[in-house]
Amino acid sequence: MVQLTKALQTQAQQDPEGFWQQHSHLLDWQQAPQQILDSSNAPLYRWFSDGRLNTCYNAVDRHVEAGRGSQVAIHYSSPVTGQAYDVNYAELQQLVARLAGAMQQQGVVKGDRVVIYMPMVVETVVAMLACARIGAIHSVVFGGFAAPELASRIDDAKPKLVLSASCGIEPSGPVPYKPLLDAALQQARHAVPRCLILQRPQVVASLTPGRDLDWGEAQQQAADAPCVPLSATDPLYILYTSGTTGSPKGVVRDNGGHAVALAWSMQAIYNINAGDVFWAASDVGWVVGHSYIVYGPLLVGASTVLYEGKPVGTPDAGAFGRVIERYKVNSFFTAPTAMRAIKRDDPHASGIKSYDLSSLKALYLAGERCDPDTLYWSSSALGVPVVDHWWQTETGWAICANLLGVEPLPIKPGSPALAVPGYQVEVLDEAGVAVAANQSGAIALKLPLPPGTLTTLWGDPQRFHDSYLSHYPGYYLSGDAGYLDEDGYLYVMSRMDDIINVAGHRLSTGRFEEVLAQHPQVAEVAVIGVADKLKGQVPLGLVVLKKGQRDSEQLQQELVQLVRTEVGPVAAFKLVTVVEKLPKTRSGKILRATMRKMADNQPYNMPATIEDPTALGLIEQALQRLGYCRNSVEPA
Ligand code: COA
Ligand code: AMP
């Protein structure tokens, strides 16, 4: 059952150039690459460096030219507005060419950055493709981030243009985006010359004369723009993700490697080909949305579903079943947290099961660890096999997965299965030596990484090197810890840094700490991620006040509000408590990992270097006040 996968692994390892050259034929190139892997600047590798292509051409135009213009490209389903309509490939080509022309009219040329701060509407997909069409580099910022997060991304990317909308729509109602954009533009040091604003009927935004243009009006005078030939190594997009410090990392993705890897992954991993229907219930602001709402399905000529809604409450826990039935979805991708939300509201999945799910072949879960309970429950709710697969914003596509398009592997709950061909996954000890099967260590990927993975961090190649390449020379450090079993199945157990995963959203506790420390009454703070039944993890803040300051309900509300205003509602920061002191080592390092274990009722070691052991007792009481650390755990 694993022969084909193992054979592909061996082929990709022994002859990476032959392997990827073969898959480069999935695309139409203006100039087919002769040099498949350029290792001349190792550990920086480049794929297909002399190839020329256009990603938008491959995702849109070529399907129209092949006579599939009337096939649906996007099924748009928006239960929060009651809207649903389809866009076929010919219509998509027109929309993209026109918007690309409007962007050119605003002076956007190849290599310029364009920030996209948009909700889940068709225009967002059009905007990304329009950038790709003219070689502009898009940077999509998730709508749940607050103004300062948007401002820091604007300062880093320095866009010539921002594309935004008057509002997003959450189950609680419309969320006006324009005031957030205005605040961000005011806070940013970089001056953005032009914004195009999509007015949605739910909220009408006021436009700043001289800077803001109405989306529709801007397109009226524009000509359609053709696809610009690009080098395979030209950047396609920057996507910011949380690092261990407050400032986000701008992951850079190129055109050629990205398109080849995604096209191959659609077939090999997701078993999706031209004419099939694929649905990733994520948000275009995250990497899953980039790769598998927009580029992956369109590159192979499939139909993608763009869903502006939630797994529950829009209007009910049967929503996923309704969409699968309506569009005859073949493969479906979401985060474990979404399935847990459905299980919470509808434990027997009777909502989902009331729909005809016969088109569905498999469910794919990623974004966070998939606990076996969620895997079993999801499989029975949808009546299909569940593929847990492991990847990151940095890699852009799965590192470990069950390749259903190649052969189904035996499922081991809790494991995202085997390394995808092209990746070489190892578990290393501190000295960089591979550990034995079933021994835990740092999960590292042997270089070169396959096509489609990050090429650098925007504007900061040194940080790219320091964050990922320097720890174990010859390897990429994933930041995750875990183990490989005797069959080569990987188990991803935890992060090795201060990144937490809240409802499948990757957030930095370092950033929370930075924000909380701004409060005038706060002397010191530690934020840890604690286990949460629904969201996997949620942040919990432990705050030490300055001398003479007092704890109060109001202070706690101010702290919660501060994180909401500075980071955004997506932070889901609701747990905060005041403590007398934080436990530290004698060298002053805060014992976050120890506190996290206490909160989650896991055995912990009393660190030999602890400065003041009584501090841990105080933390235990504080955690118990918040409903954590229920059973007092003795240090191991
Ligand atoms: N724009 C503005 N606000 C947003 C937003 C957006 N795009 N997305 C989320 N928010 C807000 C929500 O309204 C909510 O605000 P509130 O505190 O006022 O209620 C807050 O951010 C947290 O949102 P969310 O993470 O959606 O939590 P929830 O409790 O409302 O819903 C789930 C829980 C599990 C249903 C939801 O998190 C979910 O669907 N998760 C799946 C995540 C996913 O697909 N991740 C992608 C990786 S594959
Ligand atoms: P992001 O960059 O937001 O996609 O988050 C990537 C991180 O999410 C990984 O480094 C892991 O910590 C976690 N993650 C994603 N998928 C899985 C999975 N299938 N199993 C365990 N952890 C996962």
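**Labels and their grounds**

Author: Pro448 sits in the loop between strand E24 (441-446) and strand E25 (456-457); helices (H or I, at least four residues) and strands (E, at least two) are DSSP runs, numbered from the N terminus. This is a predicted model, in which local features need pLDDT of at least 70, side-chain atom pairs count only at pLDDT 80 or more, and totals for chains, interfaces and linings use all residues. Residues are numbered from 1 along each chain as its sequence is written, chains are lettered from A and ligands numbered from 1 in the order in which they are written, and side-chain values use heavy atoms, with hydrogens and water left out.

Reader: What makes the bond between Leu447 and Pro448 a cis peptide bond?

Author: Its omega is about -5°. A cis peptide bond also joins Thr314 and Pro315, with omega about 0°. Pro315 is in the loop between strand E17 (303-307) and helix H11 (319-327).

Reader: Why is Asp234 said to form a salt bridge with Lys110?

Author: The term requires a side-chain nitrogen of Lys or Arg within 4 Å of a carboxyl oxygen of Asp or Glu. For Asp234 and Lys110 the closest N and O atoms are 3.4 Å apart, so the pair meets the definition. Asp234 is in the loop between strand E13 (230-231) and strand E14 (235-241), and Lys110 is in the loop between helix H4 (89-105) and strand E6 (113-117); the pair links distant parts of the chain, 124 residues apart.

Reader: Is Asp234 buried or exposed, and how do you know?

Author: Buried means under 20% relative accessible area, exposed over 50%, and partly exposed in between (1.4 Å probe, protein chains only). Asp234 has 17% relative accessibility, so Asp234 counts as buried. Lys110, at 45%, therefore counts as partly exposed.

Reader: What makes Arg495 and Asp480 a salt bridge?

Author: Their closest N and O atoms are 3.7 Å apart, which is inside the limit, so the label applies. Arg495 lies in strand E27 (residues 490-495) and Asp480 in strand E26 (residues 475-484), so the pair ties together parts that are 15 residues apart in sequence. Arg495 has 22% relative accessibility and therefore counts as partly exposed, whereas Asp480, at 8%, counts as buried. Arg495 also forms a salt bridge with Asp497, where the closest N and O atoms are 2.7 Å apart.

Reader: How many salt bridges does a search of the whole structure find?

Author: The search finds 27. Glu149, Arg153, Arg511 and Glu514 are linked in a network of salt bridges.

Reader: Which residues come nearest to ligand 2?

Author: Asp388, Thr393, Asp480, Arg495 and Arg506 come nearest, of the 14 residues around ligand 2. A residue is near a molecule if one of its heavy atoms lies within 4 Å of it. By class, the shell has three nonpolar, five polar and six charged residues. Here Ala, Val, Leu, Ile, Met, Phe, Trp, Tyr, Cys and Pro count as nonpolar, Asp, Glu, Lys and Arg as charged, and the others, Gly among them, as polar.

Reader: What makes the pair formed by Asp388 and ligand 2 a polar contact?

Author: A polar contact is a pair of N or O atoms within 3.5 Å; within protein, one must be able to donate a hydrogen and the other to accept it, and residues adjacent in sequence count only if both atoms are side-chain atoms. In Thr393, an N or O atom of the side chain lies 2.5 Å from an oxygen atom of ligand 2. The protein covers 93% of the 490 Å² of accessible area that ligand 2 has on its own, by the Shrake-Rupley method with a 1.4 Å probe; for residues, only the protein chains shown count as cover.
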